[in-house]
Amino acid sequence: MMKTGIYNRLLDILDEKHIACDEYLRKHTYTKLGGKADFFVTPDQYEQVQEVVRLCHDENIPLTLIGNGSNLIVRDGGIRGVVLSLANLNKITATGTKIIAQSGASIIDTSRKALEAHLTGLEFACGIPGTVGGAVFMNAGAYGGEMKDVLESCLVVDKHGEIVKRDAKDLDLSYRHSNIAENGDFVLEATFQLKEGNYEEIKAVMDDLTFKRESKQPLEYPSCGSVFKRPPGYFAGKLIQDSGLQGTRIGGAEVSKKHAGFIVNINNATATEYISLIEHVQKTVKEKFGVSLEREVRIIGEDLKK
């Protein structure tokens, strides 16, 4: 289907203001990297998500879901087809000891909602910069907690456009992994089962974790957060630091001097430069310590055509 035809079909589903053509994805990623999406759509109703998924499935149009781009690198050539953002689906509600949060809601805001409701269990997430959907998708975690500890279930749109409930036990949740992508699902909302707690105690834990994050992480520059998964028996940041890589630059990308596990965009880096630095770090650590660093950050999209 030609681009004009796709645009017209999308207009049958969404208002014009929710469809952007040739949208630079660097405007939507924490790293400030990424070329253009053919179509960038921002539905605000579940039914619209369903219809976009059905359209792309039926017409064989590539469909890519991005959260808020906090754990994502989009290559400089961008992404063909339709890129779906669920940022407008961001409602969070507390019911009893459960929190129900839509996919586009910030996981930080979700942890704050739990605090307001005097519910404990989500304190570990108070500094994770991703969305609820992204956090469930990768079983995000920090400071000894992860999504699988508190996730009860989620609503997804499957690849055929049907809304299905998935119990947490069926998501194959493990370290920074779920089977959501393998199933072709798109998370619409998540239900977290928490416990009643003391407001002041919950807040004290969150304040402490926020201080640790802000004092140790290079939040003053665009980055994708922790680039690498923790290798068994090691810490990625320590291996990178001991390899003498802090401050190493390729173009505008730099291994952070503040936290070696972060690569920061200090001067209008391209995705190619950022990815080249990731690969240089992996190669150097492998040579020095024999440890293979596995990426936590996702890299998607096409290289820029020369």
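What is the strand order of the open sheet of 4 strands with mixed pairing? The order is 1-2-5-3. Strands here are DSSP runs of E with at least two residues, helices are H or I runs of at least four, and both are numbered from the N terminus. Two strands pair if DSSP finds at least two bridges between them.

Before we go on, a quick word on the model. It is a predicted one, where local features need pLDDT of at least 70 and side-chain atom pairs count only at pLDDT 80 or more, while totals for chains, interfaces and linings use all residues. Residues are numbered from 1 along each chain as its sequence is written, and side-chain values use heavy atoms, with hydrogens and water left out.

**The mixed sheet**

Back to the order 1-2-5-3. Strand 1 (19–24) and strand 3 (63–66) sit at the edges with a single partner strand each, so one side of each has no neighbour in the sheet. From one strand to the next, the twist averages 35°. Strand 2 and strand 5 run parallel and are joined by 4 bridges; V41 has L84 in strand 5 as its bridge partner.

Another open sheet has 4 strands in the order 15-18-17-16, with antiparallel pairing. Its edge strands are strand 15 (223–226) and strand 16 (249–250), and each pairs on one side only. Strand 17 and strand 18 pair over 3 bridges, and E254 has V264 in strand 18 as its bridge partner.

**Helices across the sheets**

For the angles, axes are lines fitted to C-alpha atoms, for helices over the stretch in contact, and values run from 0 to 180 degrees between N-to-C directions.

| Helix | Lies across | Angle |
|---|---|---|
| Helix 1 (residues 3–11) | strand 1, strand 2 and strand 5 | about 20° to strand 2 |
| Helix 8 (residues 271–289) | strand 15, strand 16, strand 17 and strand 18 | about 25° to strand 17 |

T284 belongs to helix 8. T284 counts as buried because its relative accessible area is 11%, and buried means under 20% (exposed is over 50%, partly exposed in between, with a 1.4 Å probe and protein chains only). Leaving aside neighbours within four places in sequence, T284 touches S243 and L245.

S153 is part of strand 11 (residues 151–157). S153 is buried too, because its relative accessibility is 6%. Beyond neighbours within four places in sequence, the contacts of S153 include K165, D167 and T191.

Methods: Contact means heavy atoms within 4.5 Å.
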